[in-house]
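Please keep the view open as you read.

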Amino acid sequence: MTQSPPTSDGPRGVSVVVIAYNDAELVAEAVRSALAQGPDVFEVVAVDDCSHDATPAVLERLAAVEPRVKVVRRTENSGGCGTPRNDGIAAATGRYVMFLDSDDVLPPGAVPALVGAAEESGAEVAVGRVVRRELPERQDVRWQPGLYREAAVHESPEAAPELLHDTLCVNKLYRRDFLTGHQLTFPDGKFVYEDFVFTARVYAAAPRVAIVPRLVYVWHVRRAASHVSISLARQDIGNWQSRIAAHVRAVETFRGADRKALAAACRTKFIDYDLCLYLRELRVRDVGYRADWWRLTRAYLTGFDPAELAAATAPARWSAQVVLACESPRDLDRLAQLAADPARLIPPYATADGGPVWAKDLARVPLDGLEAMPAERLPVTVDATFQAGRRSLLKLRVHELYGRLTASGAPARADVEFVPRDGDRGVLTITAPLRAAEGGWSGQVLVPLTRLAAAGGRGTQIWDLRVALSGAAPGGPCTSLRARPSGLRRTVVPARGYGVLLVQPYRTSSGSLAVRLAPGLQGALGVVGGKLRRLARAARSRRR
């Protein structure tokens, strides 16, 4: 089907499609965030998927006072998100369409920014940044932060295959005649990860894509909710099965449109992102889940072409090769560390025929590409122990990596950067001198907790720790710190200007070291109270 030309017929504004099911407490906030975008929002199409709570009444009250709100009520629940979004597309009359879930919000200025980029470039799709906001803490985590740092216009997705890493449908503005002209819809019914398939269908139609380097969508994450979102329900093996099924449909979509390069890039993205996402957590799953996950993943990866495997980045492709080479799960902690961002390859470091391999008994999995990898990308491992107290101390142990660190200039210092969870730039850097130790280097440095708390502002702060190794040669490796078990305990520390600081070093799902900091007595009590409330909810769930 040929691409529809731009049209000036009809309103130039945006139809924001809000889908809702049993979300009476939150849907009004979502709708109001769309209306607050101003005159660029021509209408809000609110689709109620046959709710059994007060959602329909909330939407009708909004429509009664705001003529831009149009309510579509389904008489039968669809079981998924795709069908109500399709209903919204069918009911929309604006020049552009955007999607919004009932428990999320659009930040101020999101729609004007997207419309401006689409109008200026003539793009059929405009896309911007997303944050995942953890509630109630309101900690923001950037989604795919590397994709939308600079404004750009791509004539087609083939010009920027990295766009396939963002499978969300909600941070994108679509020209409506482009969707209808190509008959682009979501999978109907109870189809999990429906946005994977919809995004593939959109990109397979070869739209011009405008990149907007600003926040356009706030994705709310409520882990304490009675029903968590699909992306958080990864403890169920059915979630992984659904993800693979959606990925298969996406690849088939690209192949059916003769977009072979995008089909291959989609396969490679599966290794670089999806595989690593689940590997980070595999070690904490039960034995049955691990066995099922390993079997399903091996079966799927077996169908990949060697070129698709080879195109994946090292070290992600090493993880895929380990899964393919072994019939049952093994080395789960090493794989979790390798799947971290950035990756860490932890000892032991085996060799075969003079080259690096995964393990002595798995010599058929070479660590190909390691010897030619630039120093700044090496998957080095830096172990860290955080000892909080009046004199808080960070102890480091750098592991040599097949001689690559020495060859690129032995590291003489480690610059540790404290990065707020809601940002990508550090606000405090401390330096630890390094000295040679068995198998690598070691060092330690005092952590100025009061300075850190002042840099983070009010409220509970979460800090991720990154380290850059520097030696005789410029451009040393950068990585996150691997948390060692010792020192991972909550400590109350006296602090000038705050009275006390509650300091909690902890290990993330991928094994990285992070630090939670609660300034002042009120902040410390808030963290402890939150912990007690979570324990109480867990106890009530067990009783039910």
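## Terms and model

Angles under 35 degrees count as roughly parallel, over 145 as roughly antiparallel, 65 to 115 as roughly perpendicular and the rest as oblique. This is a predicted model, in which local features need pLDDT of at least 70 and side-chain atom pairs pLDDT 80 or more, while totals for chains, interfaces and linings use all residues. Residues are numbered from 1 along each chain as its sequence is written, and side-chain values use heavy atoms, without hydrogens or water.

## How α1 meets α2

Helix α1 (residues 27–35) and helix α2 (residues 55–65) have axes that come within 10 Å and cross at roughly 30 degrees. The two helices are therefore roughly parallel to each other. Contact here means heavy atoms within 4.5 Å: V27, A28, V31 and R32 in α1 meet T55, V58, L59 and L62 in α2. By class, this contact has six nonpolar, one polar and one charged residues.

## The two sides of α2

Buried means under 20% relative accessible area, exposed over 50% and partly exposed in between, with a 1.4 Å probe and protein chains only. T55, P56, V58, L59 and L62 of α2 are buried. Down the axis of α2, these buried residues fall within an arc of 160 degrees (taken from the directions from the helix axis to the C-beta atoms), so they line one face of the helix. Their cover includes β1 (14–20), α1, β2 (41–48) and β3 (69–73). On the other side of α2, R61, A64 and V65 are exposed.

## A look at D333

D333 sits in helix α12 (residues 332–338) and, at 29% relative accessibility, counts as partly exposed. Leaving out residues up to four places away in sequence, D333 touches R283, I346, R482 and R507.

Technical notes: Axes fitted to C-alpha atoms, helices over the stretch in contact; angles between N-to-C directions. Helix = DSSP H or I, 4+ residues; strand = E, 2+ residues; numbered from the N terminus. Nonpolar A, V, L, I, M, F, W, Y, C, P; charged D, E, K, R; others polar.
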